[in-house]
Amino acid sequence: MTLDPEYVDATDQNPPPERLGSGLEFESPNGELDPVIDRRVRATIASQSMLSTLEIKLLGLAPGRAELELARRADLCQQHGFIHAGAITTLVDSACGFAALTVFPLDRDVLTVDFSLSLVAPATQEKFIAVGSVLRNGRTLTTCRGEVFGVAADGSRKVVALMQATMMAVTTLSD
């Protein structure tokens with residue numbers, strides 16, 4: 001499955017708080033994501049084979065924020081039937097990285113240099129939504145927070161993982 005870079009309605013610049021997790025807001029001059037940056041981040045997501053292998057979908061982008069979704073699949077479960085920590089980690093690390101990329105200059109790419117992940121509840125729900133938020137954007141290093149919510153069939157949410165990540169702005173590595 002190839003991720004569609006046009007999956008998200010780009011006009012939805014202010015998704016409701018329940019779609020954006022903790023409610024922490026990143027301050028931007030006009031509150032909108034530049035269309036060039038939006039296209040760049042979507043293209044980067046679409047080019048990642050790991051994300052397409054896991055069938056991770058982009059739900060939303062805003063300055064300093066990214067929201068991704070992973071559906072429950074039997075082939076992503078560990079021996080107890082929970083979604084494997086590796087899949088959850090990929091989901092939330094990617095959300096943090098793309099949140100950082102939304103605030104980087106166009107001549108910079110993003111690489112994860114460090115993260116700490118706490119798995120706070122078993123990942124048993126039907127789908128998982130990761131929200132990445134920029135906490136502090138520096139010239140080279142950017143600190144992000146990631147939250148993964150398990151979403152049950154009835155729509156109720158439960159935090160299943162928390163991440164603090166450091167992203168690095170590097171000279172553009174890709175086209």
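Predicted model: local features only at pLDDT ≥ 70, side-chain atom pairs only at ≥ 80, totals over all residues.
Of the 39 residues in the largest nonpolar core, the ones touching the most other members are Leu68, Leu70, Ile83, Leu91, Phe98, Phe128 and Val148. A nonpolar core here is a set of buried Ala, Val, Leu, Ile, Met, Phe, Trp, Tyr and Cys residues joined through side-chain atoms within 4.5 Å, and buried means under 20% relative accessible area (exposed is over 50%, partly exposed in between; 1.4 Å probe, protein chains only). The elements giving two or more residues to this core are helix H1 (35–46), H2, E1, strand E2 (65–71), H3, strand E4 (127–137), strand E5 (141–151) and strand E6 (157–171). These helices (H or I, at least four residues) and strands (E, at least two) are DSSP runs, numbered from the N terminus.

Residues are numbered from 1 along each chain as its sequence is written, and side-chain values use heavy atoms, with hydrogens and water left out.

Back to H3: 15 of its 17 residues are buried. Its end C-alpha atoms sit 24 Å apart, which agrees with the 24 Å that residues 85–101 should span at 1.5 Å a residue; the expected span is 1.5 Å times one less than the number of residues.

Next comes the sheet. Six strands form an open sheet in the order E1-E2-E4-E5-E6-E3, with antiparallel pairing; two strands pair if DSSP finds at least two bridges between them. E1 and strand E3 (108–119) stand at the edges with a single partner strand each, so one side of each has no neighbour in the sheet. E3 and E6 pair over eleven bridges, and Asp109 has Val170 in E6 as its bridge partner. H1 packs on the sheet, touching E1, E2 and E3, where contact means heavy atoms within 4.5 Å.

What about the cysteines? The structure holds zero disulfides (pairs of cysteine sulfur atoms within 2.5 Å). The sulfur of Cys144 is 5.1 Å from the closest cysteine sulfur, in Cys96, which is too far for a bond. Cys144 is buried, at 0% relative accessible area, whereas Cys77 counts as partly exposed at 23%.

Finally, Glu55 has a positive phi of about 60 degrees although it is not a glycine. Most residues other than glycine have a negative phi. Glu55 lies in the loop between helix H2 (49–54) and strand E1 (57–62).

Conventions: Axes fitted to C-alpha atoms, helices over the stretch in contact; angles between N-to-C directions.
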